Amino acid sequence: MEIVILVVVIAVVALGAIGGLVVSGRKKKAVPPAGQAQAPAATRAAPPVEPQVGEDADGAPEAPGRTVTEVGLPEAPEVREAPTAPEAEAEAAAAPAEPEIETPEPAAGRLVRLRARLSRSQNSLGKGLLTLLSREHLDEETWEEVEDTLLTADVGVGPTQELVERLRERVRVLGTRTPDELRGLLRDELLTLVGPDLDRTVHTETRGPVDRPGVALVVGVNGTGKTTTTGKLARVLVADGKSVVLGAADTFRAAAVDQLETWGKRVGARTVRGPEGGDPASVAFDAVKEGTEESADVVLIDTAGRLHTKTGLMDELGKVKRVVEKQGPVDEVLLVLDATTGQNGLVQARVFAEVVDITGIVLTKLDGTAKGGIVVAVQRELGVPVKLVGLGEGPDDLAPFEPAAFVDALVDGD
Ligand SMILES: Nc1nc2c(ncn2[C@@H]2O[C@H](COP(=O)(O)OP(=O)(O)OP(=O)(O)O)[C@@H](O)[C@H]2O)c(=O)[nH]1
């Protein structure tokens, strides 16, 4: 009997133990994995009729909506595998490369190096005049042709008449003429017209004992080569051992700002820029301020040149200059003119001269025109010397203007 009772007790205990294990196993299944501990209940088990996002609690859904489980979490940033060597190479090629710092050519003697670029002017002006003056009989008709040649080369009416008068007189005194004599005579007279004694220094040095950079403003109509010239001038200054800060005050064209920055980077010159469409005067002010703080030698400021209205231009350029002058005088105001635009260039020159005091002229694109005489005309028009000439699109194709080398190139040919 006792044995029977013992067997029954063991059986009951064994059954109880098995039952307990089963229950605890079920409970374990119901515990969500650690990561989902805070997840809403709906994410754990989908009931047969699932509530949809944006639905009311009651009422059957009419169209399948997004379930809570479908609401995406912000995606983790894609972890990119390390690129293979060829991929890395391709990426490096596609990325805009930081330009290497270049060593620009010294400015001295550039006009002589680039004289062949003046060949279009040479052909029409120098050679044309020499051919005419070599005629056996210098009659009225010939002198008229001399005059026309000068006018066609954009020398301007006043200077043309002066030149013809002097040439007539000297040829008469000379009597017989050898080609060399004629060449010398023409050279002298053209040189007088161009003005060998004008001060053509680009003033980028601070005047007085003040410790601040020299400041130059570059003004002119867009498209004349203003930004390019500012970049090329930075190179000339760097070649002379100066440190340069560029001010991108042409805030209306992001492309112009980028273009200037690219020029600067090539020679290690920093560009101060403002927000697109921002106040040009404030960028110019900051450029001078930052240039002063970092003890730069020169600050070059590229300005906007929209000529829609003279008043607008006057307001803008005038303000740029006034604001910059709060920190000290502007040492140079360079007007950039496109030599190929002839009389139109002279009209622009007049407008700008009324707005700011121009102290020097840069004639660009002299390589692309037969109108080299514009040098004379524009100097007469403004009473300001041509200080630099652009003779190509290359980075070192901006030359200090040397009257003798210029006239030699016109008269001697190549
Ligand atoms: N052939 C030649 N082209 C030049 C010379 N100077 C500038 N250019 C070209 O003229 C074009 C206009 O130059 P930019 O410097 O962009 O003119 P910009 O006046 O600053 O005009 P925006 O950039 O519109 O403000 C560019 O294609 C230059 O390469 C030059 O002396 N000779």
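Guide: A residue is near a molecule or strand if its C-beta atom, placed from the backbone, lies within 6 Å of it. This is a predicted model: local features need pLDDT of at least 70, side-chain atom pairs count only at pLDDT 80 or more, and totals for chains, interfaces and linings use all residues. Numbering starts from 1 along each chain as its sequence is written.

Visitor: Which residues come nearest the ligand?

Guide: Of 20 residues around the ligand, Gly-225, Lys-226, Thr-227, Thr-228 and Gly-390 come nearest.

Visitor: Which helix gives the largest share of the shell?

Guide: Helix 8 (residues 226-239), with three residues. Helices (H or I, at least four residues) and strands (E, at least two) are DSSP runs, numbered from the N terminus.

Visitor: What makes strand 6 and strand 7 a pair?

Guide: Two strands pair if DSSP finds at least two bridges between them. Strand 6 (residues 360-364) and strand 7 (residues 386-390) have three, in the parallel sense, so they pair. Leu-363 has Val-389 in strand 7 as its bridge partner.

Visitor: What is the strand order of the open sheet?

Guide: The eight strands run 3-2-4-1-5-6-7-8, with mixed pairing.

Visitor: Why is one side of strand 3 and of strand 8 left without a neighbour in the sheet?

Guide: Strand 3 (270-272) and strand 8 (398-400) stand at the edges, because each has a single partner strand.

Visitor: How does helix 13 run against strand 6?

Guide: At about 150°. Axes are lines fitted to C-alpha atoms, for helices over the stretch in contact (C-beta atoms, placed from the backbone, within 7 Å). Angles run from 0 to 180 degrees between N-to-C directions. Helix 13 (residues 374-382) lies across strand 5 (332-338), strand 6 and strand 7.

Technical notes
Two residues are in contact if their C-beta atoms, placed from the backbone, lie within 7 Å.
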